[in-house]
Each structure stands twice: as C-alpha cells, then as structure tokens.
Amino acid sequence: MNLILMGAPGAGKGTHAKDISKQFSIPHISTGDILREEVAKGSELGKTAKSYMDEGKLLPDDIIIEIIKGRLQEDDCKNGYLFDGFPRTLVQAQKLDTISRIESVIYLKCDDDILIKRLTGRRIAEDGRIYNIYFDPPPEGIKTYQRDDDNEETIRERLRIFYDTFTPIMEFYKKKNNFHEIRGDEDRTVVYENILSILKNIQKGR
Ligand code: AP5
Ligand code: MG
C-alpha cells in the first residue's frame, strides 16, 4: 500500500504512522524526522533545514523532492510506504504523482485549540515514542525531550502555513477519488480504528 497521512501540525500523523507501519509492514517516511536526523548529524542539509524549521517555514520543494526520490529507491519501499508530512505543497504532490501511485490519502482533521495544546504538551522519548504531558504522560524514569519547533510562536507559524497550503493539495487528491477525511481529535484508539477501517476497505477492494 502506498499511503499518505495528512494533517496539521499536531494532528497525530507521527503517532498513528508508527502503528500503521508496524501493522502493515511498510516503512514510515516522515520528511520531518529525516530532516531532524540531518540536523542532529550536523550535515550541510541539516544546517539548511534547521534555519527553516526553527522559523516554522517549509523547506524549498526541490530539496524535499530529492530526499523523497532517494528514499523511495530503498529496498524497504518495494511493498509500499506511508508518508507523513509529505507532500506539503501542490508542487510536491504533482511531482510525487510522476514518480509513484498513491492508493489512499487520509486526512486527520482537528481544531486549532487542541493542536496547540497537543504540541506544547508533546514530549519525545529517546526511542522515538511520542508522549504528551496532558493526554499520554511518559512513565516515570523515561527521559524525554521537546522539539525545538514546539514553542507557541513557531507552532502558530506552522499552523498558518498548513492552512495556506493545504486546500490545493486536498483538491488534487479529491479529484483522484482517494481522499479520506476523519476526525483526528477523538480518542487515540478511536482515530486508529477509523484509519484501519479505511485501510481494510482498500485491501478488500483490490
Ligand atoms: P513535521 O515533523 O512534519 O511536523 P508537523 O507537520 O508540524 O507535524 P508534527 O510532527 O508536529 O505533528 P504530528 O501530526 O506528527 O503529531 P504527533 O503524532 O506528534 O515537520 C517539521 C518541519 O520540517 C516543518 O515545519 C518544515 O520546516 C520541515 N518539513 C517537513 N516536511 C516538509 C516538506 N514536505 N516540505 C517542506 N518542509 C518540510 O502528535 C502530537 C501530540 O499529540 C503528541 O504529543 C501526541 O501524543 C498527541 N496526540 C496525538 N493523537 C492524539 C489523540 N488522538 N488524543 C490525544 N493526544 C494525541
Ligand atoms: Mg510528526
């Protein structure tokens, strides 16, 4: 299955992508995670990425497309993949369309007030597990950190950019009849059940 999980910052893309990836044995490809790894390594790409990410701005499309082209050539993508945080502009969606066929796009829709609370409360463990001090607190003794872009000013800019860019991407996939919208602000298990029912329908329809 070639899938895209879409949603505003904090909608739960990373949270659910990890579970989908395990259950369906497909790689979880998060452009945000790839860029954060480059930042941590201190590579040239990481240095460029950091200057955009700290401001909540999107990186140029050509940089992101090169990353994706390379990643899709890796062996683990042969039986499908799940994108999280890509495509983020219409240009990225159009370019992706020329290199791969997407079976389903799932959009996690959430209200802004809950997104801000989720992002300011997000804590990440060393193994990548995502927690939340309000909704899913880390167990005692687990060391966690906060993302540099999870401060209120940057969060507002990330949300502004998301709403600025999202509609044309949604229209693009709606025309292809593979766009599914579900609420992302329900209980985590309910959201995951709703995702699963979409994915199981796709498998049945093959
Ligand atoms: P990226 O890493 O993609 O960040 P984002 O889109 O801002 O999304 P987040 O990771 O913040 O949210 P999420 O939806 O994954 O939420 P999560 O599951 O963690 O991008 C970062 C930056 O990289 C961009 O700003 C840009 O600079 C650059 N970039 C990346 N891709 C790019 C691209 N394609 N083009 C250009 N630039 C790009 O959940 C959030 C919190 O909520 C967690 O604490 C979680 O525990 C909690 N939570 C989740 N679901 C629930 C629930 N149902 N109930 C209660 N709590 C929940
Ligand atoms: Mg994420």
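I began with Arg147, which is buried at a relative accessible area of 15% (buried means under 20% relative accessible area, with a 1.4 Å probe and protein chains only). I note that this is a predicted model, in which local features need pLDDT of at least 70 and side-chain atom pairs count only at pLDDT 80 or more, while totals for chains, interfaces and linings use all residues. Residues are numbered from 1 along each chain as its sequence is written, chains are lettered from A and ligands numbered from 1 in the order in which they are written, and side-chain values use heavy atoms, with hydrogens and water left out.

**Entry 1: Arg147**

I located Arg147 in the loop between β7 (144-145) and α7 (152-175); helices (H or I, at least four residues) and strands (E, at least two) are DSSP runs, numbered from the N terminus. I found a polar contact of 3.0 Å between the side chains of Arg147 and Asp149 (a pair of N or O atoms within 3.5 Å; within protein, one must be able to donate a hydrogen and the other to accept it, and residues adjacent in sequence count only if both atoms are side-chain atoms). Leaving aside residues up to four places away in sequence, I recorded that Arg147 touches Arg36, Arg122, Ile124 and Arg158, where contact means heavy atoms within 4.5 Å.

**Entry 2: ligand 1**

An N or O atom in the Arg147 side chain lies 2.8 Å from an oxygen atom of ligand 1. A polar side-chain atom of Thr31 is 2.8 Å from a nitrogen atom of the ligand, and a polar backbone atom of Ala11 is 3.3 Å from an oxygen atom of ligand 1. The protein covers 96% of the 1,100 Å² of accessible area that ligand 1 has on its own (Shrake-Rupley method, 1.4 Å probe).

I then listed the elements giving two or more residues to the shell around ligand 1: α1 (13-24), α2 (31-41), α6 (112-121) and β6 (130-132). The largest share, four residues, comes from α2. Of the 35 residues around ligand 1, Thr15, Lys57, Arg88, Arg122 and Arg158 come nearest; a residue counts as near if one of its heavy atoms lies within 4 Å.

**Entry 3: α6**

I turned to α6, where Leu115, Ile116, Arg118, Leu119 and Gly121 are buried. I noted that the buried residues of α6 pack against β5 (122-125), β6 and α7.

Technical notes
Buried < 20%, exposed > 50% of the residue type's maximum accessible area, 1.4 Å probe, protein only.
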